[in-house]
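Subject: Structure handover and findings

Hello,

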Amino acid sequence: PFELVRSGIIFKPYPSGAPSHAAIDCALALVERVKPGDIASIECLVHPWNAITLREEPPRNPLQAKVNMRFCVAAAFAHRKVNYAEFTDSALADPLIKRLMDLITIRISEDLPDNGEFPAEVHVTRTDGAIERERRDVPRGGSSVPLSQIELENKYRDCANSVLDTARAEIIPPLVERLESLPNVEDLARAMEGSIR
């Protein structure tokens, strides 16, 4: 059997480690209700298996930021999105992200399911003492919450536009959709080469 067909492919919506995704989803939902300036503290609850994959120390470079839950959650609150722009040297120096990271604690919770999809729950305490909560047992892009075709296309464009000009980036999807019927892959390979920016 074809393993990828049998088990399915999971597409990550964010360019960070999978253990951060459920918490990012929670943060993006919470930032619709709580402005960053109104946050007194943030608590991230994670499954024990999740905790061993996360880096605790402040990230020193974008690669470390991708596996640092505090950074990922803070970036979601600060920018209301998490894409490649959030994992740059300038994002690491962002004063709002730094301030929000200082407000975040991470705690292990035995109440989250052991489902292999890195569940998380995020609690935000407002400056007025009110608490807002969000929980995700399965993050977007996970087994039971697949990304829509539009979300996949937007993810592709976000990634492609960082290395290809727009015209080349738009040539590729229709070629990939017809991959099995292409007489050869020369046009696809040429389009994917792009140019050095």
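**Phe-118 and its loop**

Phe-118 lies in the loop between strand E2 (104-108) and strand E3 (120-126). Helices (H or I, at least four residues) and strands (E, at least two) are DSSP runs, numbered from the N terminus. Phe-118 is not a glycine, yet has a positive phi of about 55 degrees. Its relative accessible area is 24%, so Phe-118 is partly exposed. The cut-offs are: buried under 20% relative accessible area, exposed over 50%, partly exposed in between (1.4 Å probe, protein chains only).

**Ground rules**

This is a predicted model, in which local features need pLDDT of at least 70 and side-chain atom pairs count only at pLDDT 80 or more, while totals for chains, interfaces and linings use all residues. Residues are numbered from 1 along each chain as its sequence is written, and side-chain values use heavy atoms, with hydrogens and water left out.

**The chain as a whole**

The protein chain has ten helices and four strands. Along the sequence they follow the pattern α-α-β-α-α-α-α-α-β-β-β-α-α-α. The C-alpha trace spans about 65 × 40 × 30 Å along its principal axes. The chain has 197 residues, and 40% of them count as buried. Take the contacts (heavy atoms within 4.5 Å) between residues at least 6 apart in sequence: 65% join residues at least 24 apart.

**Helix packing**

Two packed helices are described by the angle between their axes and the distance between the axes. Here the axes are lines fitted to C-alpha atoms, for helices over the stretch in contact, and angles run from 0 to 180 degrees between N-to-C directions. Angles under 35 degrees count as roughly parallel, over 145 as roughly antiparallel, 65 to 115 as roughly perpendicular and the rest as oblique.

Start with helix H2 (residues 21-30) and H5. Their axes come within 8 Å and cross at roughly 25 degrees. H2 and H5 are therefore roughly parallel. Their crossing is right-handed; that label applies if the near helix is turned clockwise from the far one by less than a right angle, and left-handed if anticlockwise. H2 brings Ala-23, Ile-24, Ala-27, Leu-28 and Leu-30 to the contact, and H5 brings Met-69, Cys-72, Val-73, Ala-76 and Phe-77. By class, that gives ten nonpolar, no polar and no charged residues. For the classes, Ala, Val, Leu, Ile, Met, Phe, Trp, Tyr, Cys and Pro count as nonpolar, Asp, Glu, Lys and Arg as charged, and the others, Gly among them, as polar.

Next, helix H5 (residues 69-79) and helix H7 (residues 95-102). Their axes come within 8 Å and cross at roughly 125 degrees. That makes H5 oblique to H7. The crossing of H5 and H7 is right-handed. On H5 the contact uses Arg-70, Phe-71, Ala-74, Ala-75, Phe-77, Ala-78 and His-79; on H7 it uses Leu-96, Ile-97, Leu-100 and Met-101. By class, the H5 and H7 contact has nine nonpolar, one polar and one charged residues.

**Arg-80**

Arg-80 sits in the loop between H5 and helix H6 (89-92). Arg-80 has a positive phi of about 60 degrees and is not a glycine. Its relative accessibility is 47%, so Arg-80 counts as partly exposed.

His-47 is in the loop between strand E1 (39-46) and helix H3 (48-51). His-47 counts as buried because its relative accessibility is 9%. Its side chain reaches the backbone nitrogen of Trp-49 at 3.0 Å. Not counting residues up to four places away in sequence, His-47 touches Ser-109, Leu-112, Pro-113, Asp-114 and Pro-119.

Asn-50 is in helix H3. Is Asn-50 buried or exposed? Its relative accessibility is 0%, so Asn-50 counts as buried. Leaving aside neighbours within four places in sequence, Asn-50 contacts Pro-19, Met-69, Phe-118 and Pro-119. Asn-50 and Glu-86 are 36 residues apart in sequence, and their C-alpha atoms are 22 Å apart.

**Tyr-156**

Tyr-156 belongs to helix H8 (residues 149-160). With a relative accessible area of 25%, Tyr-156 is partly exposed. Tyr-156 touches Ala-169, Ile-172 and Pro-173, not counting residues up to four places away in sequence.

Best regards

Notes
A polar contact is a pair of N or O atoms within 3.5 Å; within protein, one must be able to donate a hydrogen and the other to accept it, and residues adjacent in sequence count only if both atoms are side-chain atoms.
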